[in-house]
Amino acid sequence: MSEGKKSRGFSQVVSRRDEHERDLYHIQDPYTTSLLQHVFSEREMAAEASASGAEKALGLHNLQSHIEKSLEEVSTQHQACSDNQTSTDMGRIGPSEVVFDILSNVGTLIVEPDRLGLSSHSNFSTMRANSCVFKGKWIYELMLGSKGVMQLGWCTLHCKFSQEEGVGDTPDSYAYDGSRLRKWNVKTQKYGEPWLTGDVISCAIDCDNGTITFYRNGNNMGEAFSSVKLGPNCAYFPAVSLSVTENLRANFGSTPLRYPVEGYHPLQDPPKLDLVKAQLLFNYLEKLLPVMIEDDKVDGAEFIAGKAEDLLPPLTEHRTRRCTAMLVAAHIFENLGPLLKSAYVVEACLLKFLLKICDCDQQLDEPYIAKILDILWALLQDYELKLCLEYLAIILLSSYRFSPVTPDFRHPKQYLTLTLAILKHPQTRRHLLVYVLYPFMCTFDKIKFPIFMHIKPPDDAGLAEIIPSVWWEPVSKDDEEVVPEIPLTTEEKLRQKTYAAACDKLRKKIEEIEEIQVEMLKVLLIHNDPKDEKTSRDIFMEKLHSFLHENSGVMRVYQVNTCPLPVSLCFFHRLIKAVQYYWNVFQNEDPTRFVKSTDAFLPMQQFWTDSREYFDFQRCGGLMSHLNRTLGAEVNKAQGISLSDDGKVVKMDKKGAKDHSSEKTEYPDREMPSGNTLMRLLDSLVLLYHIAAHKQLGKMCALRDNLKEFVLAYQDTEEKLKRCPADMVEVHDYLGNAKQVFLDKITEQARQMGWVIAVIYSKTKQTDIAWLLRVVLKTIQKASKYGRLFQYLPEFYIESCINCYIALRYYMHPTMRFEAIDGYDDILLKRYAEFLISHFADSRIVSNDLRDNLVQALACFTCYPQTLKVLESLSLDSQSSVLRSLIAPYENRSWAHTNWILVRLWKGCGFAFRYRYLPNLVPSKVQPTEFSFVSLQKPCPSLKFQSLLAKILLDDEPASTRFLDTLMNQLNWSFSEFVGIMQEIQQLVSKTEHLFLEGRQLKICAACFEISVCLMRVLEMVATIAPQLFTDWTRPSAELFLKRIMQLLSQVLSRITTKGGAFESLVSLPIPGLDSVTYFPVLTVALGILNQLINKPVGSNKEKATKALLTDTGFQLSTLEFVLGRIPPTKPKEKSFSLSNFEEVSAEEVEDVENMLVYLQKKQTDLDQQQQSDVSEDDLCTICYASQQAAVFVPCGHQSCKTCITQQLMGKKECFFCKSVITSIKDLKGKQILREQCQISTKQ
């Protein structure tokens, strides 16, 4: 029968056939009689026969009239009962259909088409219903789609609302807010229970006694208001006020209340007469359905056993059993069809009937559901079927979403099982995919399918029932990466075991639900049911694409509502399982061309095709149009094709491609067939993780961190209680109360963490993320072999690769140990390390932000001993490549992050550089750092990388020269910026009584200080591992760099230690955000450099460094006396700075500084005497006045010292004085010098 236009033709045929059979009732077959006796009770049939005689005995010819008569009887009985009851309409004013009144809107609210759902998009939006009550007891339900600030209740017509005042903020309005646990009627008081997303809040008003009561999921929260104003002009409307992004859906009685309260009536009357009729018809259907199933089994067995010529039954005077049963069903649905156009009837009768016949423990085959759907498709008219299926899908989703959570999760399981059985029906599945699940995840239209993939968590009371006993791991005060095991008592071991068992039991229950959800996706991804050239998978992919587009966050049109992150995360995990299943199925069918799911990846040809739309997400090489214009020929070459002169496509083999190519680029052979829907699904998985799943995984960390803080506070309180003297009763009681508060909070959060362990951070979920990381790593690795065509790869693949590792290493770990991943060290870590070093300086990636992310990821990778060892285990070429990229000039990338990596390779080896936190600070929450927790790990220096870096710097003179020049230039800039901001702050402090400082200025000040210290630490490392760069003056730039570094150190020491200077004023002020700006980090690194260049060398090298320092006009010996605490502070009460006050500074290091001071004092005396006798003022360089003139510029003849002209030539090739172009440099005797500097300058 056609789906397009279907009428009651089938029933008309039945009627004509019945007329013919009226004269043949005496030959009615025994099966028909038996069937009618079974379906329609023998009592009814006997009464019919006795009343009208044998000629009126029930048969197919008079079945319709019998059903109509039965319906009339139950209607009469219902009417009689209704007449005896008091009408509920006496206390209500308004239309029969109760919805929200859009004319009462205050603020910005998005209203669903049926005017029952609201979503707020302004500060505080309010709307009331279109009906009010003034007498009797009334109730309505609100199903919460979010759990934020909302005020729900009742108001009168006189209430005037605004975006600051909502329901409950005016005299004649009353509200409950479960977010803040308050009740509102102008004044507010504590009331109720905290609500969660998915809760059902019932708002009940008794207009006879003047009371208002609220219910949460059917639980009475107590009488909220007992003096509600009554009388004339006091009719109360249902009303809600929602803060921004909050949403809910109301049920005024259009469907059965989920939690009816005895004595209270919904505002909209239910269709009671239709319900009575539908219930009778479903009773008939309940008896008929098993018979039809058994007949199908018999016919099926005969079909299997029969021969080809016996497949059709022989013609006889009697109908087949199937035909007879179908005729009986047709009579039933003749009356039932019109009733199923009501959503109330569908939920109250059809859904109840389907749940009754659906076996929740059997998901493989549901013959009853399939049969009833076959009957619906055969006997309902098109408009009836469309409404019925749409209502059924919406009600199933609503029932699943707002069903109560019990320890056995029975309710969500039964709704999912029924949904799965319905989706297995081919016609129904296709209809739902095309018409009901469209758009796939729109704001309001039809249903939001991904919610079926979500599992609603229980509230605190539910968790207490599921996890009765809690346990938490003791926390070390020192935030160690590997916390030493603390011995547990017998009681703690028992609690740990009980807690783990409860979490494991919960996990198994959740996995049962997840299996059903995965099966639902498998059914929707069926690919062998083509119709109109589209399969279920094709339609599903279209909806999935729309879903990703709407939730991508890159749409130019504002999205009024996006999918909640918890829902997207669940959808992501279920979709992974379904994709893996079909991937393996396809691989078994085509093993030669398709890899297993464990080795899955996306081939490069998937990305250069125009059919791959990524909305506004960029490719690694920029815009797609730009890539097609610049790399179109290379794409053709990679595919083995070319364009002839007339524009025709010509295929070439690899050999031909090489011969005709002007470039020597060779591309690998194409792998795996392109255009497969599984490729698109896998690609969508990566995008779904990028736009939503990763964000939710990160949010879950907050719960674990909060639990950790409370455990620390609890342990600290316990220690204080033990130390508290017995006679200090008040203190003891205060600490005891605090301990109990912490214990209650820990118990609550430990149960919530149990849910996270079982559902979000489980082993299965960890495996899913690890699998996706392998997929992305392999995809990037394969794409990288295609040279410049790598630029077609979307940027979010790079970002997803980094984020997957972050999720496994920092989000799930240590709840689910990172080391527990199969092959984490050999496969994941090594591949991830190769990915980082290959692409953090990849010129094919044009986005600066993406390159910054890669550099930062590499910086985090160097912070842990395990991952640093992985980097050290890579090939020597790879290690050299990393270091060369790190010391290359900072062009188009973050030099701060790059420099920070070098600092991490050095940290633990420098002067007093063994700390995790600065001495004046405690852990990270008060210490502003670039990389938060990661940057505060224990020092783990890499001697291997240090020695390799030394070799590179000493062997590659041009590279080391550019590196040191850039490094010192950046240090000069950052410290100068710091000094400038510091002086501005000092001026503000001196002018104003109250200190008002801009937060941005303070951040820049702290950042410049931290950057300066990091740059100096790199200089310290270079001076330690390769001092020849400064002291070996046979190297062209060594003398210049030595004098420059001494000049910088002199400037830093002078600015920091000046008595009464800006820095002293700054560190003495308690300014938030500048806690890390102290003497210790900057002075210790400066001393470290001096120690390496002056104390460590011997002979002429030591003399060169000493002279360079002492001849610099900015250096003062008093700076070394300052660090040793020998200079008293400016203010009497202040404590002077001294290295000996810090345990981070060893006695040997203090001794080195003292020896250096003695040595420099002696050398300063000798140098002063020598300069007075040997140096004439006329011979000094007029640029620096620190050295003698020793270089003559050609051709202008002007003179300066070698240091000044060398530094000048590194930037530009012109004279200081006359700006003439310098062609060469000669000494005072006419011998040419500094040839290499002149050549470098010429090349630049």
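**Helices, strands and confidence in a predicted model**

The buried residues of helix α29 are F945, Q946, L948, L949, A950, I952 and L953. Buried here means under 20% relative accessible area, with exposed over 50% and partly exposed in between (1.4 Å probe, protein chains only). Helices (H or I, at least four residues) and strands (E, at least two) are DSSP runs, numbered from the N terminus. Helix α29 covers residues 943-955, which makes 13 residues. From first C-alpha to last, α29 reaches 18 Å, close to the 18 Å expected at 1.5 Å a residue. The expected span is 1.5 Å times one less than the number of residues.

The model is predicted: local features need pLDDT of at least 70, side-chain atom pairs count only at pLDDT 80 or more, and totals for chains, interfaces and linings use all residues. Residues are numbered from 1 along each chain as its sequence is written, and side-chain values use heavy atoms, with hydrogens and water left out.

pLDDT is the predictor's confidence in each residue, from 0 to 100. The protein averages 85, and 85% of the residues score at least 70. Over residues 1-14, pLDDT stays under 50, and the model has 26 contacts for them beyond four places in sequence. Over residues 923-932, pLDDT also stays under 50, with 23 such contacts. A contact means heavy atoms within 4.5 Å.

The protein has 40 helices and 22 strands. Of its 1244 residues, 52% count as buried. Its accessible surface comes to about 57,100 Å², and carbon and sulfur atoms account for 52% of that area. Accessible areas come from the Shrake-Rupley method with a 1.4 Å probe; for residues, only the protein chains shown count as cover. Among contacts between residues at least 6 apart in sequence, 74% join residues at least 24 apart.

Helix α24 spans residues 848-861. Its 14 residues should span 20 Å at 1.5 Å a residue, and its end C-alpha atoms are 20 Å apart, which agrees. The buried residues of α24 include L850, R851, L854 and F861. At the start of α24, a side-chain oxygen of S847 reaches to within 3.4 Å of the backbone nitrogen of D849. A polar contact is a pair of N or O atoms within 3.5 Å; within protein, one must be able to donate a hydrogen and the other to accept it, and residues adjacent in sequence count only if both atoms are side-chain atoms.

S399 lies in helix α9 (residues 382-401). This serine is buried, with a relative accessible area of 1%. The side chain of S399 reaches the backbone oxygen of I395 at 2.7 Å. Leaving aside residues up to four places away in sequence, S399 touches R258, L351 and Y415.

Strand β15 (residues 247-251) is largely enclosed by the rest of the structure, because four of its five residues are buried. Two strands pair if DSSP finds at least two bridges between them. Strand β3 (residues 117-120) runs antiparallel to β15, joined by three bridges. Here S119 stands opposite N247. Strand β6 (residues 137-144) is also antiparallel to β15, with four bridges. L144 has L248 as its bridge partner in β15.

A further four strands form an open antiparallel sheet in the order β20-β19-β21-β22. Its edge strands, β20 (1199-1200) and β22 (1232-1233), each pair on one side only. Two bridges link β19 (residues 1191-1194) to β20 in the antiparallel sense. V1192 stands opposite Q1199 in β20.
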